[in-house]
Amino acid sequence: MALHGKVALLTGASMGIGEAIASSLVQAGANVILFSRSEDKLRQLKDKLAVNGDTKVTYRAVDVGNYEEVDAAVKSSIQEVGHIDILINNAGLAIGAPKIFSDLNPSDIMTMNNTNINGYMFMTHSVLNHSMMNRKAGTILNITSITGLEVPPFPGEAVYHANKACQEAFTNALRNELSGTDIRVLVLRPGVVATNFHSLRVGHDKKMYDEFIEGYEPLIADDIAQGAIYMLQQPLNISVKALDIVPSAQRSINVFDRTWNERRE
Ligand SMILES: NC(=O)c1ccc[n+]([C@@H]2O[C@H](COP(=O)([O-])OP(=O)(O)OC[C@H]3O[C@@H](n4cnc5c(N)ncnc54)[C@H](OP(=O)(O)O)[C@@H]3O)[C@@H](O)[C@H]2O)c1
């Protein structure tokens with residue numbers, strides 16, 4: 001599917017994987033609607049992306065865990081751009097590691113559940129109702145994680161892992177329910193990507209972050225963006241239903257080859 005002239009709504013667009021996907025979409029000629037909470041970052045990104053092309057870039061400062069905010073922002077975006085061809089649910093976070101579940105602060109549990117579960121469902125509900133179901137067409141791409149399939153080996157991942165497993169189940173159920181329409185539902189599962197995510201996950205503890213990525217080369221956000229563009233560019237009759245993109249040194253959820261860098265010295 002050619003992306004030129006398509007309209008893509010992307011959550012978590014202010015940095016990391018979302019920012020990289022937004023940039024790749026604009027390069028492919030798509031119009032983009034950027035959602036996240038940080039209005040300043042979105043404004044700066046819009047100015048950066050809108051510099052060269054003839055594509056339209058717009059944004060809304062939204063907490064994806066708040067249905068009223070989501071629905072109002074989706075409606076006003078559709079008034080501005082007409083309709084939505086592609087929804088990319090990407091906004092997400094992990095907090096509290098390495099605390100085990102019983103030690104987690106309940107407000108952190110609620111923040112993760114609200115962003116990672118309600119956020120994906122609220123966005124999808126609103127976009128389906130205000131645009132995709134009217135046209136019975138579109139693509140929904142959920143950025144989940146390889147941790148959605150297997151429990152990560154580190155302490156502090158109970159809620160995040162459960163959230164990502166829920167996103168996987170939601171994706172599979174939605175794909176079935178949307179039989180009879182031309183709406184495709186896909187997942188992209190990143191492994192370790194060097195973004196703010198892993199620093200936030202450990203409360204910006206530099207020692208823990210450095211230990212986590214010791215000895216190997218994590219992905220960068222653009223590696224994931226290239227995968228997302230590949231999935232979205234497939235013709236309508238092809239669904240790359242799921243794509244795992246991991247650093248080669250991340251042999252499985254449990255095995256990290258920490259001699260990777262040594263072999264490249
Ligand atoms: N990095 C990895 O290794 C990795 C691996 C597997 C899966 N993932 C998944 O990839 C996705 C993106 O992660 P990333 O690495 O790019 O993380 P990131 O750099 O920390 O970016 C997270 C994005 O989510 C937004 N966000 C967070 N809470 C939000 C809320 N309540 N409402 C709206 N936006 C919100 C943030 O923007 P604001 O703060 O401006 O709201 C930011 O744009 C997440 O779903 C994550 O689970 C990441």
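A residue counts as buried if 20 or more other C-beta atoms, placed from the backbone, lie within 10 Å of its own, as exposed if 12 or fewer do, and as partly exposed in between. This is a predicted model: local features need pLDDT of at least 70, side-chain atom pairs count only at pLDDT 80 or more, and totals for chains, interfaces and linings use all residues. Residues are numbered from 1 along each chain as its sequence is written.

Select Arg189, which sits in strand S6; strands (E, at least two residues) and helices (H or I, at least four) are DSSP runs numbered from the N terminus. Arg189 is buried, because 22 other C-beta atoms lie within 10 Å. Its contacts (C-beta atoms, placed from the backbone, within 7 Å) include Thr144, Gly148 and Asp244, leaving out residues up to four places away in sequence.

Now show the strands. Seven of them form an open sheet with parallel pairing, in the order S3-S2-S1-S4-S5-S6-S7; two strands pair if DSSP finds at least two bridges between them. Strands S3 (57-61) and S7 (242-245) are at the edges with a single partner strand each, so one side of each has no neighbour in the sheet.

Next, select residues 86-89 and 137-143. These are strands S4 and S5, which run parallel and are joined by four bridges. Asn89 has Asn142 in S5 as its bridge partner.

Finally, select residues 106-135. This is helix H4, which packs on the sheet and touches S1, S4, S5 and S6. The direction of H4 makes about 175° with that of S4; axes are lines fitted to C-alpha atoms, for helices over the stretch in contact, and angles run from 0 to 180 degrees between N-to-C directions.

Note on methods
Two residues are in contact if their C-beta atoms, placed from the backbone, lie within 7 Å.
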